[in-house]
Amino acid sequence: MRTDKIAVGALALLLAGAAMAATPPPIEPERFTVEKLPEAGPHWVYVVDIAWLNEIDERARILDGDTGRELGQLDLGFMPGIAISPDRKTTAVSTTYFARGGHGQRTDVVEFHDNSTLTVKGEVVLPTRRANMPPAYTTLAWSSDGALLYVPYLTPASSMGVIDAQSRKVLGEIDTAGCAMVIAHGPRQVSMLCDSGRMMTLVVDDSGKETARSMSDVFFDPENDPIMVQGIPMPAGMAFISYLGDVHEVDFSGPQPRMSQPWPLVGAADRGHWRPGGTQSGTYHAGTHRLYVPMHQGGEGSHKMGGTEIWVFDTTTHKRVARWPLAPTKLESVVALQVTGDDKPLLFGATEDGAVAVFDAMTGRLQRVARNMGQTPWYLISAR
């Protein structure tokens, strides 16, 4: 009996030793690293997504138009403003977070993302007065020297926060007398649109204090033909397109904005039937003086509808030079456009079904389509 017990014990030790010998060595723990992006290519764009089904977790995806590859993402929080610094090294995001996801204590911040790693490298906590609105070029702005940031506030009274981007501090708040949005020009000027059809311009000093303000004459009709507030950057300023299709160019190269005589996108026979629309009402290529606009057939109130065609205009002659229907491409309506600034430009078009189409900007030929770029790609920003 004892012999049997000894034999069984020896067998157990033998089996345990064999099992230990067959056990592989421990797996080396995986170590996460952050790969740096190279300098932004001429055909990279930020695809800013408004996630209507999950508004507290919005994103910007960086897309390479030459390959259709997504290169990375930025977390944007809730109804963000987004603006790339003048030196293109930093992306500022003004956003809102709630302690319990969609509710709870509210925190408004401006976050600074490193454009090489896409990581947050700092933030400024704002007063809880940031205007929660979809992104546009006019919802957050850097001063031309990169020293200051301007943030629209709404309580519902309108005002503007001034941020020191270097020390990352709130410098102050300026009442804007019912005017909204922010358009920075020069080192210390910032303009905004007013419901009277005018534009107000503030001058601030290095400490963020107002030193002067002025009001333009009326340059658009807010009752009968209001403008879309997104604004289209141009070399000397911005263009604003009205609901009925008039282009209002504003020159910001001097100390005060200068408004040009508006010119029409649509002839008399089509006025009120063919209209501009979408969430980003157009884009401009400086080298060719071409303005690209998403156009659709619709009536009053259709200014958020995407374009079933892309119309191309020469801004020196005010004539349409191309008309590209989207039906042959089988694409959904285009809600946002962005053209690259190089001499072989690509035109990006965000569609209503979450895709981004890439066109040759000179011929309109569809080159590729990047699918699943978000729920609603709302705005496109050139990375360079």
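Modeller: What follows starts with the sheet, then turns to its disulfide, the pocket and a few other places. This is a predicted model: local features need pLDDT of at least 70, side-chain atom pairs count only at pLDDT 80 or more, and totals for chains, interfaces and linings use all residues. Residues are numbered from 1 along each chain as its sequence is written, and side-chain values use heavy atoms, with hydrogens and water left out.

First, the sheet. Strands here are DSSP runs of E with at least two residues, numbered from the N terminus. Two strands pair if DSSP finds at least two bridges between them.

Now the middle. Strand 12 (residues 189-193) and strand 13 (residues 199-204) run antiparallel, joined by 5 bridges. Valine 190 has leucine 202 in strand 13 as its bridge partner. Strands of a sheet pair through backbone hydrogen bonds, either parallel or antiparallel.

Next, the disulfide. A search of the whole structure finds 1, where a disulfide is a pair of cysteine sulfur atoms within 2.5 Å. It joins cysteine 179 to cysteine 194, with 2.0 Å from S to S. The two cysteines are 15 residues apart and link distant parts of the chain. Cysteine 179 sits in the loop between strand 10 (169-175) and strand 11. Cysteine 194 sits in the loop between strand 12 and strand 13. The torsion about their S-S bond is about 100°, so the disulfide is right-handed. Cysteine 179 and cysteine 194 are both buried (under 20% relative accessible area; exposed is over 50%, partly exposed in between, with a 1.4 Å probe and protein chains only).

The loop between strand 12 and strand 13 also holds aspartate 195. Aspartate 195 is exposed, with a relative accessible area of 66%. From threonine 117 it is 78 residues away in sequence and 41 Å in space, C-alpha to C-alpha.

Strand 11 gives the most to the lining of the largest pocket, with 4 residues. A pocket is an open set of points on a 1 Å grid over the protein atoms alone, where a 1.4 Å probe fits, with protein on both sides within 12 Å along at least five of seven lines; lining residues have an atom within 4 Å of a point. This pocket holds about 1,000 Å³ of space. Its lining has 40 residues, and Arg88, Tyr137, Pro233, Met234 and Met238 lie nearest its centre. Elements giving two or more residues include strand 3 (69-84), strand 15 (232-234) and strand 16 (237-241). By class, the lining has 22 nonpolar, 16 polar and 2 charged residues.

Last, a hairpin elsewhere. Strand 27 (residues 356-360) and strand 28 (residues 366-370) run antiparallel, with 4 bridges. Valine 356 stands opposite alanine 370 in strand 28. The hairpin has 5 residues between its strands, and glycine 364 in the turn has a positive phi of about 80°.

Methods. Grid points are joined across faces, edges and corners, and a volume is the space filled by probe spheres set on the points. Ala, Val, Leu, Ile, Met, Phe, Trp, Tyr, Cys and Pro count as nonpolar, Asp, Glu, Lys and Arg as charged, and the others, Gly among them, as polar.
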